[in-house]
There are 2 protein chains.
Amino acid sequence: MKPHLSSKLSPSQPRGDAFVKSVLEVTLQQLAVVGYERLSIPLVAQVAAVNKTSIYRRWPTKPELVREALAVAMIHVEQAPDTGTLRGDLIAMALTVATFTQSAVGTAIVRIMLAEGGNSEVQALASTAYAQAGKNNPWVVLQRATMRGELKSTMDPSLLLFTIAGAIMHRVFVERREVPQDFVEQLVDLMLTGAAVKC
Amino acid sequence: MKPHLSSKLSPSQPRGDAFVKSVLEVTLQQLAVVGYERLSIPLVAQVAAVNKTSIYRRWPTKPELVREALAVAMIHVEQAPDTGTLRGDLIAMALTVATFTQSAVGTAIVRIMLAEGGNSEVQALASTAYAQAGKNNPWVVLQRATMRGELKSTMDPSLLLFTIAGAIMHRVFVERREVPQDFVEQLVDLMLTGAAVKC
């Protein structure tokens, strides 16, 4: 391996962090535009204006490139809200999920999960990526709610959070509607207090 | 148009109901196997062992064929449960949604909804088909529950039902897990009584 001196590089052949960031961003963007099947390393190279050999050197195959792009995309949705109430925290998290689900990257990930004949390894990764979008948040948020005495002790946190995410997926992809604040509030209130008359 | 006498038809060229039923069933089956993009009328003709001209005569284009196949598929999920309780009815409906979501047809419909570059008319139809899978049931079930005094008067029935459907979609397509009876019961109990400590 020959050492590279960054001062010798042309702007179209960035190295290190900038190169990686650029390639991964273009990968996500093109995933959203053309989908997994039609995505190719030469296409990414062309759009990112880098040499495809540089891409192949770091990511020998498309699945490897997509895997890292998805993993990096997930880092951006990792901030836990702390509004002081379970209701406030769930609304904040649901709004984050809604923004993500409606984004180009979110759509791309959902498409990869469902693509026919796609790479099953990448599909599994996309499922994990989606399910873990902000995985660290919920547990902190729900722990705090339990300590405040707000959450039923028998409640399965995954069920609560995945149901919120599923309702938003249904709204975006099945009903094809926007996800306004008042929808999110009604959804969270349903999750907290239920639909049945009681007490 | 020449009249056809059914006694003259060979088994591979059925007419009327049997022909329509066979072509629509093969269309759904192939949608699930190869997806919307790769589906073609010649392929359907080949698998159904009918003449493609006969298909073109009734459905001149692929979107028209797929539209009718989806519409017919929906008819099979139209029975309203009547167990005597809202909980029982919701569990029965959720199990129906779960079976449908995990079926080849349900998967095909979800894929069409999300296909990149697909026919937007068919995508919209698939969304409607999915959202309306058993559309008549829920309203009857929720009306009965309201009359029995089981359902909060402020509850939006669509929110309740679409949230159940969304949670099942999330389970099947994101988490990639089975949908056993005890999951469905926990989901329905969450929808009815909520996650918050109260009273």
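User: How many residue pairs are in polar contact across the interface of chain A and chain B?

Analyst: The model is predicted, and across this interface 14 residue pairs are in polar contact, with both residues at pLDDT 80 or more. Salt bridges between chain A and chain B number zero.

User: Which elements give two or more residues to the side of chain A that touches chain B?

Analyst: These elements are α1 (16-38), α6 (104-114), α7 (120-131), α9 (157-174) and α10 (181-193) of chain A. The largest share comes from α9(A), with 11 residues. By residue class, the side of chain A that touches chain B has 27 nonpolar, 10 polar and 10 charged residues.

User: How is the extent of such an interface to be read, and what area do chain A and chain B bury between them?

Analyst: Interface size is often expressed as the accessible area that is lost when the parts come together. Here chain A and chain B bury about 4,200 Å² between them, and carbon and sulfur atoms account for 64% of it. The contact draws 47 residues from chain A and 47 residues from chain B.

User: Where in chain A does pLDDT stay under 50?

Analyst: Where pLDDT is low, the predicted coordinates should not be read in detail. In chain A, pLDDT stays under 50 over residues 1-14, a segment with nine contacts beyond four places in sequence in the model. Chain A as a whole averages a pLDDT of 82, with 80% of its residues scoring at least 70.

User: Which elements of chain A have the lowest and the highest mean pLDDT?

Analyst: The lowest mean, 69, belongs to α7(A), and the highest, 97, to α10(A). Both helices give two or more residues to the side of chain A that touches chain B. For the model, ipTM is 0.76 and pTM is 0.76.

Definitions and conventions
Residues are numbered from 1 along each chain as its sequence is written. Chains are lettered from A and ligands numbered from 1 in the order in which they are written. This is a predicted model: local features need pLDDT of at least 70, side-chain atom pairs count only at pLDDT 80 or more; totals for chains, interfaces and linings use all residues. Side-chain values use heavy atoms; hydrogens and water are left out. Contact means heavy atoms within 4.5 Å. Buried area is the accessible area (1.4 Å probe) that two parts lose on being put together, summed over both. A salt bridge is a side-chain nitrogen of Lys or Arg within 4 Å of a carboxyl oxygen of Asp or Glu. A polar contact is a pair of N or O atoms within 3.5 Å; within protein, one must be able to donate a hydrogen and the other to accept it, and residues adjacent in sequence count only if both atoms are side-chain atoms. Helices (H or I, at least four residues) and strands (E, at least two) are DSSP runs, numbered from the N terminus. Ala, Val, Leu, Ile, Met, Phe, Trp, Tyr, Cys and Pro count as nonpolar, Asp, Glu, Lys and Arg as charged, and the others, Gly among them, as polar. pLDDT is the predictor's confidence in each residue, from 0 to 100.
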